[in-house]
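User: Hello! I am new to this structure and would like to learn how to read it. Could you walk me through it step by step?

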Amino acid sequence: MKIELTSQQQAAQVEFKTFANTALFPFADQFDRDECVPNSVIAQLAGRKYLSAIIPEEFGGLGTDMITYGLLTEEIGRACSSTRSLLTVQGMVSYAILRWGKPQHKQTWLPRLADGRTLAAFALTEPNIGSDAKHIETMVEAQADGYVITGRKKWITFGQVADLFLVFAQDQGKASAFLVERNTPGLTTIPMKGLLGTRASLVAEVHLDHCVVPKENLIGGLGLGFSTIALSALDLGRYSVAWGSVGIGQACLEASLKYASERQQFGERLKQHQLIQEMIANMVVQVKAARLLCYHAGYLKDIGDMNATAETLIAKYFASGMVPRVASDAVQIHGGNGCGSDYPVQRYLRDAKVMEIIEGSNQMQQVMISRNAFADYAGQPAA
Ligand SMILES: Cc1cc2nc3c(=O)[nH]c(=O)nc-3n(C[C@H](O)[C@H](O)[C@H](O)COP(=O)(O)OP(=O)(O)OC[C@H]3O[C@@H](n4cnc5c(N)ncnc54)[C@H](O)[C@@H]3O)c2cc1C
């Protein structure tokens, strides 16, 4: 078995890295302080069609394979996890439309999502409902000429500026998914400030007060919102967060290698102290292991393997679990400087922690991974 990028994937990786190093990396701490990824950066991502790279070329996107999408997510996530989070949600909504939308949804929205004329947000979580997403409280009621949606969404990434929301709402316990445009009467957003991490990702509460949407804004069938649309979009979201975690881990490693090579204590560079070497070795191994799990999940997605979703859970669980430890060691290697604002590692630690919570908390990943393991076991012939 050979794990090797194609020449196109290698070229794309160089392009993504160059962009991230010049357009994001030097400015990411400022975005974090400003709690905002600026429009000028979003415009650059849009111009390169990075915002939703998986959209097929026929709809104006890059039509990347999943490995290339992963490489993009790693590089953007290495430079700025808040910017990565825009790619994650834009990708999730695009994917839901691509997979479950009607032809007119695709014709209308995919070219706009591909070139950034439309920014999208994924609105599932609510003040009272997070992990138990099957039981959302936002209500939808069918009327002769459309649907009326009423409820509250919380923690919606890029909700402050999104033009289009994929909103999940239920009728008699059955959730459905709807496209709701920002200018819909009754829709308001309230910025959420002072977050632990991904502070620049323009997170908002979304209030829907009797928002009337046309019948054709239903995505997929009535009652299929959670079981098909949310779960398949979350599968892509987890893949993106897994790669984004690898990106933060790689950033931690690079910052630590640099610092340990330059800083001297006890007459020696930090890198010559064995306890520092131990932390570096663990960082190298953890980041590489997570990246390999991501490659595996991406490869299975690209070949349409039925285990792709299960392997994505594992990649997300491992990658997002390793990255707070790696980021904590990066801060440790930087000592007092790791706690200050002159070095980015404190941001990496804050951004890393978020990864264990989003797209399904790591406890939820554990529940699903173990459920899959028992299902596999039950399917095996008795020993
Ligand atoms: C920065 C950020 C951005 C986000 N962006 C979005 C977004 O764009 N769209 C969106 O819809 N949501 C978004 N979210 C919400 C996120 O998906 C939820 O926070 C997450 O699913 C967890 O839900 P909760 O916060 O309600 O925690 P809860 O579900 O209340 O869980 C609290 C704790 O209990 C644990 N727990 C819950 N149930 C169980 C169980 N059965 N067994 C063991 N442990 C359990 C959880 O793992 C967690 O540790 C975002 C969150 C953050 C922090």
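**Reading the model, feature by feature**

Analyst: Let us start with helix 9, which is mostly covered: 20 of its 27 residues are buried. A residue is buried if 20 or more other C-beta atoms lie within 10 Å of its own, exposed if 12 or fewer, and partly exposed in between, with C-beta atoms placed from the backbone. Helices (H or I, at least four residues) and strands (E, at least two) are DSSP runs, numbered from the N terminus. Please keep in mind that this is a predicted model: local features need pLDDT of at least 70, side-chain atom pairs count only at pLDDT 80 or more, and totals for chains, interfaces and linings use all residues. Residues are numbered from 1 along each chain as its sequence is written.

User: What span is expected for helix 9, and how far does it reach?

Analyst: The expected span of a helix is 1.5 Å times one less than its number of residues. Helix 9 (residues 308-334) reaches 38 Å from its first C-alpha to its last, close to the expected 39 Å. Just after helix 9 comes Gly335, with a positive phi of about 55 degrees.

User: Which residues other than glycine have a positive phi?

Analyst: First the general idea: most residues other than glycine have a negative phi. Lys49 is one case with a positive phi, about 60 degrees. Lys49 sits in the loop between helix 3 (39-47) and helix 4 (66-79), and it is partly exposed because 18 other C-beta atoms lie within 10 Å. Phe158 also has a positive phi, near 60 degrees. Phe158 belongs to the loop between strand 3 and strand 4 (164-171), and it counts as buried because it has 24 C-beta neighbours inside 10 Å.

User: How is the chain divided into domains?

Analyst: Domain bounds come from an automatic or database domain assignment. Here the assignment gives domain 1 (7-118), domain 2 (121-223) and domain 3 (226-375). The C-alpha centres of domain 1 and domain 2 are 22 Å apart. Their contact takes 21 residues from domain 1 and 17 residues from domain 2, where two residues are in contact if their C-beta atoms, placed from the backbone, lie within 7 Å.

User: Which elements give two or more residues to the side of domain 1 that touches domain 2?

Analyst: They are helix 2 (28-34), helix 5 (81-100) and helix 6 (103-115). Helix 5 supplies the largest share, ten residues. By class, this side of domain 1 has eleven nonpolar, seven polar and three charged residues. In this scheme Ala, Val, Leu, Ile, Met, Phe, Trp, Tyr, Cys and Pro count as nonpolar, Asp, Glu, Lys and Arg as charged, and the others, Gly among them, as polar.

User: Is helix 5 largely enclosed or open, and why?

Analyst: Helix 5 is largely enclosed by the rest of the structure, because 18 of its 20 residues are buried. Its end C-alpha atoms are 28 Å apart, which agrees with the 28 Å that its 20 residues should span at 1.5 Å a residue.

User: Which residues touch the most other members of the largest nonpolar core?

Analyst: In soluble globular proteins, nonpolar side chains tend to be buried together. A nonpolar core is a set of buried Ala, Val, Leu, Ile, Met, Phe, Trp, Tyr and Cys residues joined through C-beta atoms within 7 Å. The largest one here has 116 residues, and Phe178, Cys252 and Ala327 touch the most other members. Helix 7 (residues 225-262) gives the largest share of this core, 17 residues.

User: Which residues come nearest to the ligand?

Analyst: A residue is near a molecule if its C-beta atom, placed from the backbone, lies within 6 Å of it. There are 21 residues around the ligand, and Thr125, Gly130, Ser131, Ser361 and Gln363 come nearest. Strand 1 (120-123), strand 3 (146-156) and helix 11 (362-379) each give two or more residues to this shell. Helix 11 gives the most, with three residues. The shell has 13 nonpolar, eight polar and no charged residues, and it draws at least three residues from each of domain 2 and domain 3.

User: Where is Ile156 found, and what is it in contact with?

Analyst: Ile156 is found in strand 3. Leaving aside neighbours within four places in sequence, Ile156 is in contact with Ala121, Ala123, Val203, Ala204 and Val206.
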